Amino acid sequence: MGENKIKMIVVIPARNERKFLGCTLDALKKQTFQPYRIIVVNDGSADNTSEIAKNFDVDVIDLPDRGFNATGMPVLANVINKGLETIANDECKYIMILGSDHVLSNDYAAKIVEMMEQDSMTVIASGIITGESQRDTSPRGSGRIVRYDYWKKLGLKYPSGYGFESYIVYKALVDCYNVQVIRNADSWSQRPTGKTTNYKNYGKAMRSLGYHPLYAIGRIVLTLRHNPKNSFQMTLGYLSRNKKKYDIASKVCKFQSDLIKKKIKLIIRSKL
């Protein structure tokens, strides 16, 4: 699919995406850094999502219909993992996970791969989506590029749990690797920003990942400023009895605690 010596494989989960998938794949095919392979995991669509993907000459994995949309739920990890399973023996250097409604600028992948080629300690990176806020230490779930060798050490799959997308980012941070957001690698979503977010599940994800209480409160307050209902749902999720915590939960809590202390020190210094 491309002439690049550096190989990147793209995995796209999709369910009932006939309105959006074509535009996403068209933009992907126009990348200046062409993917070596594109895999669409058709998650039991009732429409012609699978046929649209096949028209773009990409690999398609058709899964049975489970009867509901997996967005924001742990089961979505299993959908993406079905695509990752097929590349276990591929000789590639990078893996991109891309949402089926996510349209990339033509040089999106090229800018990110160029940076990662220059910085071997950066194992996860993404660009930005127009209209969405983005912290420098939080590469997006969609449009994220991960080093194959790093992900292979983690079993080349997402864990099945709330916050699975954030898990590998925090895992990299607590293991002293770099993650980056490349702000001149832009893209846009065909859906209105935030419309598909389940904020109760977001709260459960914070709990599973071991978010420090003050850090979690900060996220809840930021959400409260824009939408009190979403903030309430996030709080319910964080306070829910979610027994399953990731193996890095205590390290994430300490990592966030250190960040909070640094910010407090900076504020105090600025006031002196």
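How many bridges join strand 1 to strand 2, and do the two strands run parallel or antiparallel?

Author: Strand 1 and strand 2 are joined by six bridges, and they run parallel. Before going further, please keep in mind that this is a predicted model, in which local features need pLDDT of at least 70 and side-chain atom pairs count only at pLDDT 80 or more, while totals for chains, interfaces and linings use all residues. Residues are numbered from 1 along each chain as its sequence is written, and side-chain values use heavy atoms, with hydrogens and water left out. Helices (H or I, at least four residues) and strands (E, at least two) are DSSP runs numbered from the N terminus, and two strands pair if DSSP finds at least two bridges between them.

Strand 2 covers residues 37-43, and seven of its seven residues are buried, where buried means under 20% relative accessible area, exposed over 50% and partly exposed in between, using a 1.4 Å probe and protein chains only. Arg37, Ile39, Val41 and Asp43 point one way from strand 2, whereas Ile38, Val40 and Asn42 point the other way.

Strand 1 also pairs with strand 4, in the parallel sense and over four bridges, and there Val11 has Ile97 of strand 4 as its bridge partner. In strand 4, Tyr94 and Met96 point one way and Ile95 and Ile97 the other, and all of them are buried. Strand 4 is in turn joined to strand 7 by four bridges, but these two strands run antiparallel, with Tyr94 standing opposite Arg147 of strand 7. Strand 7 (residues 144-147) is also joined to strand 6 (residues 122-129), by two bridges and again in the antiparallel direction; here Ile124 stands opposite Val146.

Put together, these pairings belong to an open sheet of eight strands with the order 3-2-1-4-7-6-8-5 and mixed pairing. Its edge strands, each of which pairs on one side only, are strand 3 (59-63) and strand 5 (102-104). From one strand to the next, the twist averages 30°. Helix 4 (residues 108-118) packs on this sheet, touching strands 1, 4, 5, 6, 7 and 8, and its direction makes about 150° with that of strand 6. Contact here means heavy atoms within 4.5 Å, and angles run from 0 to 180 degrees between the N-to-C directions of axes, which are lines fitted to C-alpha atoms, for helices over the stretch in contact.

The loop between strand 1 and helix 1 (21-29) holds Arg15, which counts as buried because its relative accessible area is 13%. Its side chain has a polar atom 3.2 Å from the backbone oxygen of Gly44 and also reaches the backbone oxygen of Phe68 at 3.5 Å. Beyond four places in sequence, the residues that Arg15 touches include Asp43, Ser45 and Asp65.

On edge strand 5 you will find His102, which is buried because its relative accessibility is 2%. Among the residues it touches, beyond four places in sequence, are Thr24, Ile129, Arg140 and Trp188.

Strand 8 carries Arg183, which is partly exposed, since its relative accessible area is 42%. The side chain of Arg183 makes a polar contact of 2.9 Å with the side chain of Asp136; a polar contact is a pair of N or O atoms within 3.5 Å, where within protein one must be able to donate a hydrogen and the other to accept it, and residues adjacent in sequence count only if both atoms are side-chain atoms. Although Arg183 and Ser126 are 57 residues apart in sequence, their C-alpha atoms are 8.5 Å apart.

Among contacts between residues at least 6 apart in sequence, 76% join residues at least 24 apart. The C-alpha trace spans about 60 × 45 × 35 Å along its principal axes.
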